[in-house]
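This report describes how the parts of a structure meet one another. The sequence and the model come first, and the text follows.

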Amino acid sequence: MLFFRSEEMIEAWCRSHAVARGGVATLDQLWRLSAAWNAGRLDHDPRRPGPAQARAIFAGAGLAGPFWDPESDAFD
Amino acid sequence: MNADRDLDVRLAVYRRLIATAAAPTAGEVAAELGATAADVREAYARLAQRRLLVLMPDGETIRMAPPFSGVPTQHRVIVGATEYAAPCAWDAFGIVAVLGGRGVVRSRCEQSHAPLELRIEDGVGADSQWRYHAAVPARRWWDDIVYT
């Protein structure tokens, strides 16, 4: 989970590492995702998001599809 | 230790990490809670099973207490006068989120190594050309969370 200064840098990195392009988000989307994902992190008994909640958090950041679906077998 | 006490251990780890930016030893947590280091190590193992901590192979050094890193990384987060390490780009933003929403993220473009310095305050603007890339699909993140 890395930062890149542009989409072109992602493509170049994927080519040079023989890695398929994965999930890409803008920094605004990443902020919304991180803020929602970490809500309650410092509670005494935190609950890791289950699959449905995870999908909802990703959707809230505008991220959908099998890559972001914790139950998808599209990449098995 | 019971499950509730494990959560006390977890919160003690976070208190120490937030205050010092360093992951505490089992002995330090034990001293705070009036427990033994052995009890704390056992709690660490159970918390790791629940994916609430990630430990080094020695079973007691904290590698991750998400979104914080217990070891140095290229993703640095400054909140107030304290500089934290994050395991990944996502968690760098996560540290700012859990510590109140204001901070500076310092990292780099993984391809060009161009430096990133981003001030976060009232969210992040939508105009940046910088991007976040996850190579591993969500279903596989915990197959190898350190690589992820």
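## Contacts between chains and domains

Together, chain B and chain A bury about 4,700 Å², and carbon and sulfur atoms carry 67% of that area. The model is a predicted one. At this interface, 54 residues of chain B are in contact with 48 residues of chain A.

Polar links also cross between the chains. There are 16 residue pairs in polar contact across the interface of chain B and chain A, with both residues at pLDDT 80 or more. Several elements of chain B each supply at least two residues of the side that touches chain A: helix 1 (3-20), helix 4 (89-98), strand 6 (103-108), strand 7 (115-120) and strand 8 (131-134). Sorted by class, that side of chain B has 31 nonpolar, 13 polar and 10 charged residues.

The count of salt bridges between chain B and chain A is 2. In one salt bridge, Glu7(A) is joined to Arg131(B), and the closest N and O atoms are 3.3 Å apart.

Arg131(B) also takes part in strand pairing. Strand 1 (residues 2-4) of chain A pairs with strand 8 of chain B in the antiparallel sense, over 3 bridges. Within strand 8 of chain B, Arg131(B) is the bridge partner of Phe4(A).

The domain assignment divides chain B into domain 1 (3-63) and domain 2 (75-143). Taken over C-alpha atoms, the centres of these two domains of chain B are 24 Å apart. Where they touch, 5 residues of domain 1 of chain B are in contact with 5 residues of domain 2 of chain B.

The table sets out the values for the two interfaces.

| Interface | Buried area | Share on carbon and sulfur atoms |
|---|---|---|
| Chain B and chain A | about 4,700 Å² | 67% |
| Domain 1 of chain B and domain 2 of chain B | about 500 Å² | 72% |

Which residues of domain 1 of chain B lose the most area to domain 2 of chain B? They are Ile18(B), Ala21(B) and Arg51(B), which together account for 79% of what the domain 1 side buries. By class, the side of domain 1 of chain B that touches domain 2 of chain B has 4 nonpolar residues, no polar residues and 1 charged residue.

Between domain 1 of chain B and domain 2 of chain B the count of salt bridges is 0. The interface of these two domains of chain B has 1 residue pair in polar contact, both residues being at pLDDT 80 or more.

Key:
Residues numbered from 1 in each chain as written. Chains lettered and ligands numbered in written order. Predicted model: local features only at pLDDT ≥ 70, side-chain atom pairs only at ≥ 80, totals over all residues. Heavy atoms only, no water. Contact = heavy atoms within 4.5 Å. Buried area = accessible area lost by both parts, 1.4 Å probe. Salt bridge = Lys/Arg side-chain N within 4 Å of Asp/Glu carboxyl O. Polar contact = N/O pair within 3.5 Å; in protein donor to acceptor, adjacent residues only side chain to side chain. Helix = DSSP H or I, 4+ residues; strand = E, 2+ residues; numbered from the N terminus. Nonpolar A, V, L, I, M, F, W, Y, C, P; charged D, E, K, R; others polar. Pairing = 2+ DSSP bridges. Domains from an automatic or database assignment.
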